[in-house]
Structure formats: C-alpha cells, structure tokens
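Subject: Structure handover and notes

Hello,

Here is the structure we spoke about, with the sequence. My notes come after it.

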Amino acid sequence: MPTDMPTDKGEPMDTLQDTLLGDAAERLFAQTCTPALLRAAEQGQSVDVAWRACEEAGFADALVSEAQGGAGLALTAALPVALAAGRHLCPYPIAHTMLARAWLSAAGREPPAGSIAIAPHGLAIAGKRIAGANVPWVRVAGQVLAQINGQAWLLPVQAACVESNGVHGSLDGEASWALADAHCLDDGPPLDALAATAYAGLMAGAMEQVLAMTLDYANTRAQFGKPIGRFQAVQQQISVMAEAVWAARMAAQLAFQSSHALPDTMRAALGKARTSQAAPQVADIAHAVHGAIGVTAEFDLQLFTRRLRDWRLAGGSESCWHARIGKDALASGLGVLDYLRGISASDA
C-alpha cells in the first residue's frame, strides 16, 4: 500500500502512522521516564527497567529492515519518537539507538541488544587502549558506536572504565577500553549525520516542553495582582521563545526528512545547526521568566536547560555545522535559495 494512500477518514497513511507511533511513545515515556528517574540516573542508578520497556515496545528497531526483524520504517516516521524522548528527557539514548541500529542493519551487521550511543568524534587509539574524555551517554548506554580514524568501532560499555567528566548531572563521561574488547567494523559511512539528527530531534522535543512549562508558570505566577504572563515585557519574551521553539521543530523535521532509514548529511547539518542555535535562547528566556526557582534542584526546569546546553555542543555545535554548510554551499555553485531548495526537496 502506498504510504500516502488516504484512509477511510481521509487521512494519509503516513500521517496516521506518525500519530500512532508518537502517541505510543508519549504514553510509554510519560509512564517510565519521570523526572525522578532522570535524577536517579544522574546519581548513577540503573535505568535498565525503563530501557527494557522501551525495547520491548519495539521503538529501538523501528528503522531496522523487516527482513532483519525490525519495523522497516523510514526515518521520517521516527521523528515523533525522538520528540517525545526529548519532551520526557529519556535517560537512555533511544534516538541514537534507532539510528545506530539502522546504520548497522544497512551495513549488513546484526545490531547488538541494548541501547547504543553514537560518538562520531572525541575517541582515539593510544597504545592498546581506546579512550575519550567526554563519551556521549556512556553512563547509561549498553554500547557505543564510534568513529576513530575513519573506521567504525562498536565498544561495549560493560568492558569500559568509566569515570565522571566533571559536569554536574551529565550522562556522558570519560571512558576507555582495552583494544581487545573493542570490535572494529572497518570502513563505513560517517556517523556525524546520525548523531546530529538524533540530537536535533531530542532538542526540539525538549524545547517544546520548556515552552509549555514557561507558559504554565507565566499564567499561574501572580505579581502585582495579576499573572506575570499578562505583562507586555514577559509576553514579548515568550513570543521570541515560541518563535525559536518552532523554528527548531521545523529544523528537526528537515533533519529527519528521508524516505530511507538513514539521514541526509546536509539536512542533518541544517537541522542540528538551527536547533543548537535556538537552545541557549530558549533556555535563557525560560530562566528569565521563572526567576530564581528555575535553577533550584527541586524544580524540573533545570533538568531540561542543562540537557539543552549539553546537546547544543554534542554532535557538533551550530558553528561546526555552519562551517560544513558554508563549504558545501560554496562548492555547489548555487545561489542561496536554490541551494536551500535543493536540500529541502523531498526524496520520496
């Protein structure tokens, strides 16, 4: 059946599929990925129960081909899951796992069980060890899919020496592996587009939740006899925030735009650059509206804004990806509008 065939209610099948998948992810993450679980994960407690619930629901294999036991979905269909994961700050790398398993599947390799972080940068071979000072998700992931000197490696976290990276509450960490425990997968497509796409979806979802929290606070916190959301200065700031949030949402949609399981590099570049650019602006305005309560440990806002600042840099900041986009645009010989139209044109 074509994916754009309308149902008996007039809705395209792909839209209906996205809604069903997103609703299922939203329900699961709301039940299993609470702020209390994230706080526990930051303290080093296990998130295995929550991860197993996610894996049993089938989200991890959503992009794996049906022949290899997955759902065989296109990348576009995975965006609602990434957004929901960002809205609930899932303390395990589900967006990365979906893309990593799709990458391994496309390379003809059997994806391992457990969650998989993606580390396109930051790891190096020194003697008989592989080490990195800030390995993404290594405190909670089961495996790390890394790129080192142009080769892909699969690194089991169970065999790693993991230490804190010194950042409060970070799920990343300093890690090293004996070379004998690492599995070289030889050459393969670059992993940077995978990481950029995953983080773009997570950040867009987290920013949506930060906007919702800020609107709720502005409408309930009263000052001088009325909610602070009725003051023009606050309304103006929230309007700027909303514009940035929806620009990030559109950028994430572009990053996930593909009729295949894997992302297009330049779409991922544009998506990650724009979501990273929006992250500090959204976080700053949210804290300005909330005031001092927003930075307290008991209040959930700081959980989101800390993640946004971490994810802004993870997988490449906006300046990193702007340089890549500029180089590609100059090499294309096209005008700006033609270049952007070419990247955003559907490949369905």
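The model is predicted: local features need pLDDT of at least 70 and side-chain atom pairs count only at pLDDT 80 or more, while totals for chains, interfaces and linings use all residues. Residues are numbered from 1 along each chain as its sequence is written, and side-chain values use heavy atoms, with hydrogens and water left out.

Domains

The protein is divided into domain 1 (13–119 + 121–187) and domain 2 (191–344); these bounds come from an automatic or database domain assignment. Taken over C-alpha atoms, the centres of domain 1 and domain 2 are separated by 21 Å. The contact takes 35 residues from domain 1 and 37 residues from domain 2, where contact means heavy atoms within 4.5 Å.

Cavity

A search of the whole structure finds 1 cavity of 30 Å³ or more. A cavity here is a set of points, on a 1 Å grid over the protein atoms alone, where a 1.4 Å probe fits but cannot get out; lining residues have an atom within 4 Å of a point. Grid points are joined across faces, edges and corners, and a volume is the space filled by probe spheres set on the points. On that basis the largest cavity has a volume of about 80 Å³.

Its lining consists of Trp137, Ser170, Leu171, Asp172, Tyr199, Arg307, Asp310 and Trp311. By class, there are 4 nonpolar, 1 polar and 3 charged residues in this lining. The classes are Ala, Val, Leu, Ile, Met, Phe, Trp, Tyr, Cys and Pro as nonpolar, Asp, Glu, Lys and Arg as charged, and the others, Gly among them, as polar. Each of domain 1 and domain 2 supplies at least three residues to the lining. Helix H9 (residues 301–313) gives the most, with 3 residues. Helices (H or I, at least four residues) and strands (E, at least two) are DSSP runs, numbered from the N terminus.

Most residues other than glycine have a negative phi. Trp137 sits in the loop between strand E3 (129–135) and strand E4 (143–148) and is buried, with a relative accessible area of 4%. Buried means under 20% relative accessible area, exposed over 50%, and partly exposed in between (1.4 Å probe, protein chains only).

Phe224 also has a positive phi, of about 55 degrees, and is not a glycine. Phe224 lies in the loop between strand E9 (222–223) and strand E10 (226–227), and is exposed at a relative accessible area of 74%.

The expected span of a helix is 1.5 Å times one less than its number of residues. For the 13 residues of helix H5 (residues 94–106) this gives 18 Å, and the end C-alpha atoms are 18 Å apart, which agrees. H5 is mostly covered, with 12 of its 13 residues buried; among them are His96, Arg101 and Trp103. Just after H5, Gly108 takes a positive phi of about 80 degrees.

Helix H7 (residues 232–255) has 24 residues and should span 34 Å; its end C-alpha atoms are 35 Å apart, which agrees. The buried residues of H7 include Val234, Ile238, Met241, Val245 and Leu254. What covers the buried residues of H7 includes helix H4 (79–87), helix H6 (192–220), helix H8 (265–290) and helix H11 (336–344).

Single residues

- Glu318, in helix H10 (residues 318–332), is buried at 12%.
- Ile293, in the loop between H8 and H9, counts as partly exposed at 35% relative accessibility.
- Ser164, in the loop between strand E6 (161–163) and strand E7 (173–178), counts as exposed at 55%. The C-alpha atoms of Ser164 and Ala133 are separated by 9.2 Å, at 31 residues apart along the chain.

Regards

Methods:
On a 1 Å grid over the protein atoms alone, a cavity is a set of points where a 1.4 Å probe fits but cannot get out, and a pocket is an open set with protein on both sides within 12 Å along at least five of seven lines; lining residues have an atom within 4 Å of a point.
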